[in-house]
Amino acid sequence: MALLSFLQSWDGFPAVAACVLALCLLAYRASLKRKQAGATTLTEKTRTAKIDQKDRAPGEWDPHTEFEYPRIEPSKEHFSNVKPIPYRPFKWGDYHVTMGIRNMPFDEWIELDCEFPQFHKVCEHRIRTRGDRLVSVQPAQPGVVPSGHAAAKELMYELAEYLSRRHPDVYRVTRHPVSRDALENGWYGEGRIKQITIIPFGETYDLDKDEPLKVSRMLIQEDFTIMLEGTDGRYYLQAGAVVIAGSWRLEDKMGMPLEDIHTSGNVPQYQSKLQMSMDRFFKRLPLDKPVIRNNYSVQLVQEPEMRVPPPAPGSLLDVDPDELAWAATMNGSEDTNEFERAKHINDQADAALARANGSYPESRTSTPTTLRTVRLRSERQTLRRLPRTGAIVFTIRVYQTPFEELVKEPGVAGRTASAIRSWPEDVARYKARDAYETVLPLLDEVHEKQLAEGLISEADKKNNFPF
């Protein structure tokens with residue numbers, strides 16, 4: 001009370017009180033502005049980041065870009081109970097060269113099925129025996145594009161996060177404590193993953209120490225490449241793990257821009273039909289809209305009993321008799337020069353001459369084309385942009401189906417024969433049709449039999465692409 005009486009009697013009190021009130025008001029206004037600036041929701045941040053990234057200069061990417069990861073629905077089935085999805089990505093009638101992309105639900109980024117143990121076995125053998133020729137990071141090309149190291153590390157963490165949520169009965173993780181730095185944390189603000197274990201295989205990987213690309217490849221059934229945008233606006237292959245490609249080698253493509261990857265492989269009609277749309281697609285692919293596409297080829301595989309001498313124990317053909325990893329029957333040695341191996345798809349190549357002068361591997365010309373030796377080789381490919389580095393990850397899951405199994409599906413034999421016959425000459429050469437086209441009459445016979453038995457009708461040519 002005495003202090004209050006003193007202040008009330010003090011002549012300078014009104015001026016001091018006014019100053020204090022003004023300072024408090026200024027402090028309140030500054031605090032309010034800070035709160036308003038920090039009150040932006042994650043969705044608003046993401047929207048702003050998308051605008052900024054859309055308008056960015058080529059080769060630039062803000063690692064602080066906010067991305068709201070969708071919640072992952074755990075799989076209802078253990079992979080051991082899941083059969084491979086029967087992709088049949090071809091149609092009756094004319095053949096068209098298109099990108100053929102579709103939206104991909106985030107839950108379906110990576111697929112596991114009962115073939116995982118065999119894929120894992122082949123993958124382990126391949127990485128152990130061929131190493132950096134199959135799993136590689138390209139150094140920076142100064143002034144053009146950065147190294148793929150950061151993107152490879154980001155992919156490893158993305159896969160560990162996704163797989164442990166999608167398949168919690170298959171993958172188990174341990175985490176670091178939550179960091180104050182959001183870039184050091186995992187999804188949904190949880191601590192960064194330290195270790196991941198593939199429970200049924202009893203294998204644990206240390207994400208702090210192990211090589212990211214090898215960890216990523218051993219976790220899944222897919223091969224993958226990592227594309228980074230350069231200052232020239234082109235996307236370069238700067239990292240990848242390509243273990244079961246069948247007919248192409250990562251070492252031949254590393255460091256190439258997107259168009260050179262395709263033109264060096266003689267991809268039919270790439271420049272006239274695909275290049276502009278693919279360049280535009282890669283430039284514009286947003287974080288929240290991954291896509292999927294399917295592709296297919298036909299593969300001639302020599303039966304094990306035909307191999308003389310038999311494969312040595314522990315060799316690739318011993319571990320992988322179906323030639324999932326490398327199409328030895330079609331291509332011969334994996335170490336054959338790229339140019340020589342691509343002769344059959346070169347625009348100037350002549351199939352009859354190649355057979356006459358022995359350019360083809362002996363296994364390709366001597367293996368009979370039967371429903372047992374001819375396989376459908378289909379691919380499920382996904383494209384997704386990573387939020388920290390802006391890299392685009394291209395995954396490739398391979399499915400092999402012997403024609404003797406394929407023709408049991410009503411209508412598929414006729415549709416397969418129609419698709420193979422529909423290829424224009426450049427596509428037929430690229431897909432090496434001359435190696436197995438004598439199987440077409442066998443497909444026709446099955447088709448006629450299914451018609452006669454009433455399993456299908458001639459009018460029933462519905463399109464259920466890609467199945």
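Student: What is the accessible surface of the protein chain, and how much of it belongs to carbon and sulfur atoms?

Tutor: The accessible surface comes to about 23500 Å², and carbon and sulfur atoms hold 55% of that. Keep in mind that this is a predicted model. Of the 467 residues in the protein chain, 46% are buried, and the fold is laid out in 18 helices and ten strands.

Student: How confident is the predictor in the protein chain?

Tutor: The average pLDDT is 86, and 83% of the residues score at least 70. Residues 1-10 fall below 50, and that stretch has two contacts in the model beyond near neighbours in sequence. Residues 16-25 are also below 50, with one such contact. Where pLDDT is low, the predicted coordinates should not be read in detail.

Student: What share of the contacts with a separation of 6 or more comes from residues 24 or more positions apart?

Tutor: That share is 72% in the protein chain.

Student: Why is the ring pair of Phe116 and Phe201 called tilted?

Tutor: There are 14 aromatic pairs in the structure. For Phe116 and Phe201 the ring centres are 5.0 Å apart, and a pair needs centres within 6.5 Å, so the two rings qualify. Their planes stand at 55°; under 30 degrees would be stacked and over 60 edge-to-face, so tilted is the label that remains.

Student: Which parts of the chain does this pair link?

Tutor: Distant ones: Phe116 belongs to helix H4 (residues 116-130), while Phe201 is in the loop between strand S4 (193-198) and strand S5 (203-206), 85 residues apart.

Student: Are these two residues buried, exposed or partly exposed, and how do you know?

Tutor: Phe116 has 0% relative accessibility, and the limit for buried is under 20%, so Phe116 counts as buried. Phe201 has 23%, which lies between that limit and the 50% for exposed, so Phe201 is partly exposed.

Student: What makes Arg126 buried?

Tutor: Its relative accessible area is 3%, to be set against the limit of under 20%, so Arg126 is buried. Arg126 is found in helix H4 and touches Gly131, Leu134, Val243, Leu316, Ala325 and Glu334, leaving aside residues up to four places away in sequence.

Student: How do you know that Arg384 lies over the face of Trp109?

Tutor: Arg384 is 4.6 Å from the ring centre of Trp109, against a distance limit of 6 Å. The charged end of Arg397 likewise sits over the ring of Phe119, 4.8 Å from its centre.

Student: Which residues form an aromatic cluster?

Tutor: Phe67, Tyr69, Phe106, Trp187 and Tyr188 form one.

Student: What makes S6 and S7 a strand pair?

Tutor: Strand S6 (residues 223-229) and S7 share six bridges in the antiparallel sense, and pairing requires at least two, so the two strands pair.

Student: How many bridges join strand S2 to S7?

Tutor: Three bridges join S2 (residues 135-137) to S7, also antiparallel, with Ser136 partnered by Gly240. As for cover, seven of the seven residues of S7 (residues 235-241) are buried.

Technical notes
Residues are numbered from 1 along each chain as its sequence is written. This is a predicted model: local features need pLDDT of at least 70, side-chain atom pairs count only at pLDDT 80 or more; totals for chains, interfaces and linings use all residues. Side-chain values use heavy atoms; hydrogens and water are left out. Buried means under 20% relative accessible area, exposed over 50%, partly exposed in between (1.4 Å probe, protein chains only). Helices (H or I, at least four residues) and strands (E, at least two) are DSSP runs, numbered from the N terminus. Rings of Phe, Tyr and Trp (its six-membered ring) pair if their centres lie within 6.5 Å; planes under 30 degrees apart count as stacked, over 60 as edge-to-face and the rest as tilted. A charge sits over a ring if NZ of Lys or CZ of Arg is within 6 Å of the ring centre and within 35 degrees of the ring normal. pLDDT is the predictor's confidence in each residue, from 0 to 100. Contact means heavy atoms within 4.5 Å. Accessible areas come from the Shrake-Rupley method with a 1.4 Å probe; for residues, only the protein chains shown count as cover.
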